[in-house]
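I opened the model to look up its aromatic contacts and one patch on its surface. My entries follow.

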Amino acid sequence: MQTLYAMDTMEQETVKPGTAMSLLNEKLDQTCQVFTYLLYSMARVAQYAETDAQQRASKHLPSAEDLVVNTKVAGNDFVFQVLNDKGFLVNMDTWKLRRLEDADLTRKLYNQLTETEAYKTYIATPSRDKASEKHIVEFIFSDILEKNELFIQHMEDNFLHWGDDADMMGILVGNYLSKPQLFNFLQLISREKLEYARDLLSTVLNKKDYCLELIRPKLQNWDPERIASVDMLLMEMGVCEFLYFPTIPTKVTINEYIDLAKAYSTPQSGQFVNGILDNILKDLTQANLIEKTDRNRK
């Protein structure tokens, strides 16, 4: 959707063969950058336990408490795994993400963590088990990073697309923590999803005129000038899924584009997109132009 919108707003003379795919790949890379940096931030908060211990022990007159700072979280199994993953390191270097870290913010996040009951419970047990190791890093992500206004502002300042990507990050982080050993940082988006994105983009661009032929008759009671451009793009995408993506159920298509319209367009867009797509679907079904197959069947 974002790529199609960008293409619509570009001067036609600047559009060259491959521009659309280049823009799509750029946007997918941006999402991967956000995910990689979130894991890095989570790990750096955990690692700060060692920095805290060193700084407090090096005081001129350290207290007994200064000399016994618990550094268990710095050696967390998941932290160790992500920071030593070759694909993760390649992404960090390629996108130069280390330079984005705010050391003072990392310190504040760590101090916030140490005041929580979840952290105190974690360090109270000297031994390590997979469940508690996973739980504390999940806690750092969901209860420290995601809920800290300074960190959210930090992400907004460094990633212009943070608002679009934030909601999906919890899913990606959860997927990583479930099976970190199977995670491929160099291919964060599966081949199937990447192929779908590219196919949908090219189909909408190639079939735009035909889609508009189907959409325009349904807009008789609407002022074309008042129809949001995002709504038009979403309807074009929906029609293309109806006709050219046989494994995607029509109900799934309509529900997805209703949600996108609500999130990215006007307050009335969800209802509007729903009504137009539903009417077009009825016509296409009556004309026997809808062919759907079970994606699980070969």
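I paired rings of Phe, Tyr and Trp (its six-membered ring) if their centres lie within 6.5 Å; planes under 30 degrees apart count as stacked, over 60 as edge-to-face and the rest as tilted. The model is predicted, so I note that local features need pLDDT of at least 70, side-chain atom pairs count only at pLDDT 80 or more, and totals for chains, interfaces and linings use all residues. Residues are numbered from 1 along each chain as its sequence is written, and side-chain values use heavy atoms, with hydrogens and water left out.

Entry: aromatic pairs. I searched the whole structure and got 10 aromatic pairs. Phe-35 and Phe-185 are stacked, because their ring centres are 6.1 Å apart and their planes are at 25°. Phe-35 is in helix α2 (residues 19–57) and Phe-185 is in the loop between α9 (162–178) and α10 (191–206), so this pair ties together parts 150 residues apart in sequence. Helices here are DSSP runs (H or I, at least four residues), numbered from the N terminus. I found both Phe-35 and Phe-185 buried (under 20% relative accessible area, with exposed over 50% and partly exposed in between; 1.4 Å probe, protein chains only). Tyr-176 and Phe-183 have ring centres 5.3 Å apart and planes at 85°, so I logged them as edge-to-face. Tyr-176 and Phe-183 are both buried.

Entry: cluster. Phe-35, Phe-88, Tyr-176, Phe-183 and Phe-185 make up one aromatic cluster.

Entry: Tyr-244. I placed Tyr-244 in helix α12 (residues 229–244). Its relative accessibility is 31%, so Tyr-244 counts as partly exposed.

Notes: Helix = DSSP H or I, 4+ residues; strand = E, 2+ residues; numbered from the N terminus.
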